[in-house]
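Dear colleague,

I am passing the structure on to you below, together with some notes on what turned up in it. Please read the notes with the model open beside them.

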Amino acid sequence: MAYNYFGSYLVFRATANDSKRTKKATSDVIPQNSWVVSLLGNISRKKVDSQGKLKIFAFSIIFSLNIAIGNVSLRHVSVNFNQVMRSLVPAITIVFGLLLKKPISSARRFAVVPIVIGVAMACYGDMSYTGLGFLYTCLCVLLAALKVVASGEILTGNLKLHPVDLLGHMAPLAMIQCFILSILTGEFSSIAARWETELSPITSPSCFAFNVVMASGVFSFSLNICSLMANKLTSPLTLCIAANVKQVLIIAFSTIVFNDPITFWNGMGIVVVLCGSGRYSYISVLEKNLSKKVVVKEDNVAKMEEAIPLVFVKDQTSVTSG
């Protein structure tokens with residue numbers, strides 16, 4: 001979370017410096033946009049009212065709980081069981097979307113079904129779990145879907161925050177919450193006990209563990225920015241579909257590179273997910289093009305309706321005067 005906050009701060013500083021250079025540029029010199037602006041678009045720090053701050057605070061709680069409960073659930077269930085259960089996130093996202101009265105066509109709903117089934121097939125294996133682990137995993141699936149839907153509402157709803165702006169507001173709150181959760185779950189005491197011998201870059205024999213943690217922070221910031229940008233530009237459901245495709249691509253990659261054995265049904269699941277995601281993308285493009293045509297048609301109709309009363313009033317006046 002600290003990397004997310006400082007990463008957002010550095011992005012704001014980079015864009016601020018670029019805007020200062022733009023203002024100082026003369027009319028003879030065309031200022032060049034920084035690589036940050038060209039990659040992430042125009043980024044501005046919005047002032048958030050009390051209601052907006054409450055929404056961001058609620059989102060930070062969902063974000064923190066999703067991380068904490070996801071880590072705790074892996075202590076009680078196998079990785080395969082966790083991944084199979086997570087394949088249900090798109091379906092839960094559809095339910096949340098319908099509750100929020102979001103327009104989700106029946107074609108998209110049916111296109112999600114083979115993807116969910118394919119991920120379950122691809123990840124099927126050691127399905128060991130405990131009762132408590134099953135409860136944790138169900139809660140983790142709900143929080144994952146809720147996190148995507150909530151972030152989509154903040155990015156495209158009334159607030160319309162930029163992903164970097166949202167991360168800058170949310171990261172300090174989530175950092176404090178994760179720190180409290182680490183104390184409650186015992187992770188903080190475990191890290192403190194191993195700090196000098198295994199984790200400290202000064203006293204430990206190797207800096208490998210410390211470097212891994214630092215690198216994971218950079219990757220975490222990059223992942224959060226990418227996922228929030230994708231959520232803003234597409235939809236929460238599309239982002240969940242992309243996450244499911246990512247799961248099966250990791251399985252396929254590990255099979256090719258590391259020769260990890262998979263069963264026939266695992267391989268069939270990978271094929272089903274790839275075909276299903278292709279069909280989902282095709283339907284999304286068709287619906288997007290159709291919506292553009294509808295908007296253009298409505299604009300033309302509106303222009304015609306504005307012109308018709310003028311002609312009608314003129315004709316009516318001429319008839320009356322005659």
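A salt bridge is taken here as a side-chain nitrogen of Lys or Arg within 4 Å of a carboxyl oxygen of Asp or Glu. This is a predicted model, in which local features need pLDDT of at least 70 and side-chain atom pairs count only at pLDDT 80 or more, while totals for chains, interfaces and linings use all residues. Residues are numbered from 1 along each chain as its sequence is written, and side-chain values use heavy atoms, with hydrogens and water left out.

To begin with the overall picture, the protein has 12 helices and 0 strands, where helices (H or I, at least four residues) and strands (E, at least two) are DSSP runs numbered from the N terminus. Of the 322 residues in the protein, 34% are buried; buried means under 20% relative accessible area, exposed means over 50%, and partly exposed is what lies in between, with a 1.4 Å probe and protein chains only. Taking contacts (heavy atoms within 4.5 Å) between residues at least 6 apart in sequence, 82% join residues at least 24 apart.

The structure holds 4 salt bridges, and the following are among them. Asp 165 and Arg 45 meet through their side chains in a salt bridge at 3.2 Å, N to O. This pair links distant parts of the chain, 120 residues apart, with Asp 165 in helix 8 (residues 163–185) and Arg 45 in the loop between helix 2 (35–40) and helix 3 (50–73). Asp 165 counts as buried because its relative accessibility is 0%, whereas Arg 45 is partly exposed, with a relative accessible area of 45%.

A salt bridge also joins Glu 187 to Arg 75, with the closest N and O atoms 3.8 Å apart. Here Glu 187 belongs to helix 9 (residues 187–199) and Arg 75 to the loop between helix 3 and helix 4 (79–86), so that distant parts of the chain, 112 residues apart, are linked. Glu 187 is partly exposed at 29% relative accessible area, and Arg 75 is exposed at 53%.

In the salt bridge between Lys 102 and Glu 153, the closest N and O atoms are 2.7 Å apart. Because Lys 102 lies in the loop between helix 5 (89–99) and helix 6 (106–123) and Glu 153 in helix 7 (residues 131–156), the pair ties together parts that are 51 residues apart in sequence.

Two further residues may be worth a look. Tyr 3, in helix 1 (residues 2–24), is partly exposed, with a relative accessible area of 33%. Leaving out residues up to four places away in sequence, Tyr 3 touches Met 214, Gly 217, Val 218 and Phe 221. Pro 236 is placed in helix 11 (residues 236–258) and is partly exposed at 22% relative accessible area. Apart from neighbours within four places in sequence, Pro 236 is in contact with Thr 93, Val 148, Val 149, Gly 152 and Asn 231. The C-alpha atoms of Pro 236 and Ile 94 are separated by 8.9 Å, although these residues are 142 residues apart along the chain.
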